[in-house]
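Subject: Structure handover

Hello,

Here is the structure I promised to pass on. Please open it first, then read my notes below.

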Amino acid sequence: ALGPLRDADALAAALASSLPVDIVPGPGDATNAGLPQQPVHRCLLPGAAPAAALTRATNPHEFDAGGARFLGTAGQNVDDVLRYSTAATRVEAMASLLAWGHVAPTAPDTLPCHPFTAADPFVLQGAPHVFFAGGAAALEVGEAAVEGGGVVRLLAVPDFQATRTIALLNLRTLDVQPLVVEAP
């Protein structure tokens, strides 16, 4: 039962030895179910957690890389929008989230979240350059125009366990290339 967790820890440790790695929890991970999900606890990643290049992030997660602003989720919010809207694709649902200015508009009604009284942490405070969401059946890439004339690159990241596909993003051009990893 612990084999997959040990494998993920070993992979994260190997990657974090040579490049920055952010680990965002998803719906099946050992953390709280409600958004924002808290980072995966360091005791579950004993080999990777000490690495300076590893960030145990929340879901949703916002960060800067290569001069671009990123906003990402594990995809529960997109799944819920697809369930309760007319959006036909994950990229279309993500474009709607940007247009609405809210990362999780169905929370807390149909998407679990922590109660907040002072402010809603899911309200967008500006558009990112890249908006990504995990858990897709296949890689989807698109763009969305945002208020003020900007364009956001939309990236529905495939479920690696199901597809063995990694999405590689060029930070200069924001072009996306899929990389399929062969099973060992």
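Thr106 is buried, with a relative accessible area of 15%. (Buried means under 20% relative accessible area, exposed over 50%, partly exposed in between, with a 1.4 Å probe and protein chains only.) Thr106 sits in the loop that runs between helix H3 (90-100) and strand E5 (130-136). Setting aside neighbours within four places in sequence, Thr106 is in contact with Asp80 and Leu111. Contact here means heavy atoms within 4.5 Å.

Some ground rules. This is a predicted model, where local features need pLDDT of at least 70, side-chain atom pairs count only at pLDDT 80 or more, and totals for chains, interfaces and linings use all residues. Residues are numbered from 1 along each chain as its sequence is written, and side-chain values use heavy atoms, with hydrogens and water left out. Helices (H or I, at least four residues) and strands (E, at least two) are DSSP runs, numbered from the N terminus.

Next, helix H1 (residues 3-16). Its 14 residues should span 20 Å at 1.5 Å a residue, and the end C-alpha atoms are 20 Å apart, which agrees. (The expected span is 1.5 Å times one less than the number of residues.) Asp9, Ala12 and Ala16 are buried in H1. Looking down the axis of H1, the buried residues fall within an arc of 70°, so they line one face of the helix. That arc is taken over the directions from the helix axis to the C-beta atoms. Strand E1 (21-23) and strand E2 (54-56) are among what covers the buried residues of H1. The face turned away from the buried side carries the exposed residues Pro4, Arg6, Asp7 and Leu11.

Now the sheet. Five strands form an open sheet in the order E3-E4-E5-E7-E6, with mixed pairing. Two strands pair if DSSP finds at least two bridges between them. Strand E3 (61-65) and strand E6 (140-145) stand at the edges with a single partner strand each, so one side of each has no neighbour in the sheet. E5 and strand E7 (residues 151-158) run parallel, joined by five bridges. Val130 stands opposite Arg153 in E7.

Last, the aromatic rings. Ring pairs link Phe63, Phe70 and Phe132 into a cluster. (Rings of Phe, Tyr and Trp, the last by its six-membered ring, pair if their centres lie within 6.5 Å; planes under 30 degrees apart count as stacked, over 60 as edge-to-face and the rest as tilted.) Phe70 is buried, at 6% relative accessible area. Phe63 counts as partly exposed, at 22%.

Best wishes
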